[in-house]
Amino acid sequence: MTNQDRQRIVEQYLDVTIRHDFAGMRALMSEDFTIWMVPSAVDHGIPVPLEGRENFLEFAGRLSSGGTMWEPRGHKIEQFLFSEDSVAVRVRLIGDFANGDIYDNEYVFIYRFAGDRICEMREFTDTMFIDKLFRKAGLRH
């Protein structure tokens, strides 16, 4: 695969993720997909790493149901970096909380590929910033 192929797949993955298109996500991920969320995820009962595509999709489905989180509005890709079988992307995610506040945060995701499927993802972001927004929206005590 070329870097452009991997970039295209990551762009597709971000698009289907924002739309909560779990079938689209599944099609881009390997069955043994592993995600390494930020270390503080453990404090919220989320295993790090979270292993298995279906486990991740079930987790993502819980996050998107019931309006308990911010609702994604879109994303803006700021930068891609390539290294062997991996792609790093710096992306700005924008969305809305039920209380009218806007979620606007930057992430770096590193995607590793096995063939033409994403087999691993690592997430890096400012969790203190997220926690502050969630507390204001009444999502944390």
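The model is predicted, so to speak of local features a pLDDT of at least 70 is needed, side-chain atom pairs count only at pLDDT 80 or more, and totals for chains, interfaces and linings use all residues. Residues are numbered from 1 along each chain as its sequence is written, and side-chain values use heavy atoms, with hydrogens and water left out.

**Helix H1**
- Among the buried residues of H1 are Arg6, Ile9 and Tyr13 (buried is under 20% relative accessible area, exposed over 50%, partly exposed in between, with a 1.4 Å probe and protein chains only).

**Aromatic pairs**
- There are six aromatic pairs (Phe, Tyr or six-membered Trp rings with centres within 6.5 Å; stacked under 30 degrees between planes, edge-to-face over 60, the rest tilted).
- Tyrosine 13 and tyrosine 111 pair edge-to-face, at 5.7 Å and 70 degrees.
- That pair joins H1 to strand E5 (residues 102–114), 98 residues apart.
- Tyr13 and Tyr111 also belong to one aromatic cluster with Tyr107 and Phe109.
- Phenylalanine 80 and phenylalanine 82 are stacked, at 6.1 Å and 10 degrees.

**Charge over a ring**
- The charged end of arginine 6 sits over the ring of phenylalanine 113, 5.9 Å from its centre (Lys NZ or Arg CZ within 6 Å of the centre and within 35 degrees of the ring normal).

How values were computed:
Helices (H or I, at least four residues) and strands (E, at least two) are DSSP runs, numbered from the N terminus.
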